[in-house]
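Okay, everyone, thanks for coming. Let me put the sequence and the model up, and then I'll walk you through them.

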Amino acid sequence: MRYRLTFVAGVVLGYVLGTRAGRERYEQLKKSAQQFTQNPAVRNTAETAAQQGREFAGKAYHVVSDKVGDRMPDSVAQRVRTLRERTAQGTGEDDWGTSNT
């Protein structure tokens, strides 16, 4: 029983000391991350990478759908047709209501 009590006391003490140091370190990392993301160079690079990703995904989407479009089940083929129509119309919104810009 004494060993169990000593172990629990050690765990509690470690937790308390760890959370104090951990919280301070967390706040420090959070502040550094915010400063990093607010840097204009970082924001421009991230936006450029996102735009290129969208372009590559669009190209890949069309290549894959052209090659396997005839082999898909009707339900999937209908979904692909709907997505193509939406892309052709330029609505720019996906099923979750978020913008693709």
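So, how many helices and strands are there in the protein chain? There are 3 helices and 0 strands, and from the N terminus on the elements run α-α-α. Helices here are DSSP runs of H or I with at least four residues, strands are runs of E with at least two, and both are numbered from the N terminus.

A bit of housekeeping. This is a predicted model, so local features need pLDDT of at least 70, side-chain atom pairs count only at pLDDT 80 or more, and totals for chains, interfaces and linings use all residues. Residues are numbered from 1 along each chain as its sequence is written, and side-chain values use heavy atoms, with hydrogens and water left out.

How confident is the predictor? On pLDDT, its confidence in each residue from 0 to 100, the chain has a mean of 77, and 82% of its residues reach 70 or more.

Let's start with helix α1, residues 2-37, which is where Phe7 is found. Phe7 has a relative accessible area of 58%, so it counts as exposed; the cut-offs are under 20% for buried, over 50% for exposed and partly exposed in between, with a 1.4 Å probe and protein chains only. Phe7 also belongs to a nonpolar surface patch with Val8, Val11, Val12, Tyr15 and Val16, and together they have about 580 Å² of accessible area. To join such a patch, nonpolar side chains must be within 5 Å, with over 30% relative accessible area and no salt bridge.

On to helix α2, residues 40-68. Its 29 residues should span 42 Å at 1.5 Å a residue, and its end C-alpha atoms are 42 Å apart, so the two agree; the expected span is 1.5 Å times one less than the number of residues. At the start of α2, a side-chain oxygen of Asn39 comes to within 3.0 Å of the backbone nitrogen of Ala41.

Which residue forms a salt bridge with Arg54? That's Glu47, with the closest N and O atoms 3.4 Å apart; the rule asks for a side-chain nitrogen of Lys or Arg within 4 Å of a carboxyl oxygen of Asp or Glu. Arg54 is partly exposed at 28% relative accessibility, and Glu47 is partly exposed at 44%.

Last stop, helix α3, residues 74-89, where Val80 lies. Is Val80 buried or exposed? Val80 counts as buried, at 14% relative accessibility.

Conventions: Patches are made of residues with over 30% relative accessible area and no salt bridge: like charges are joined within 9 Å, nonpolar side chains (Val, Leu, Ile, Met, Phe, Trp, Tyr) within 5 Å. Accessible areas come from the Shrake-Rupley method with a 1.4 Å probe; for residues, only the protein chains shown count as cover. A polar contact is a pair of N or O atoms within 3.5 Å; within protein, one must be able to donate a hydrogen and the other to accept it, and residues adjacent in sequence count only if both atoms are side-chain atoms. pLDDT is the predictor's confidence in each residue, from 0 to 100.
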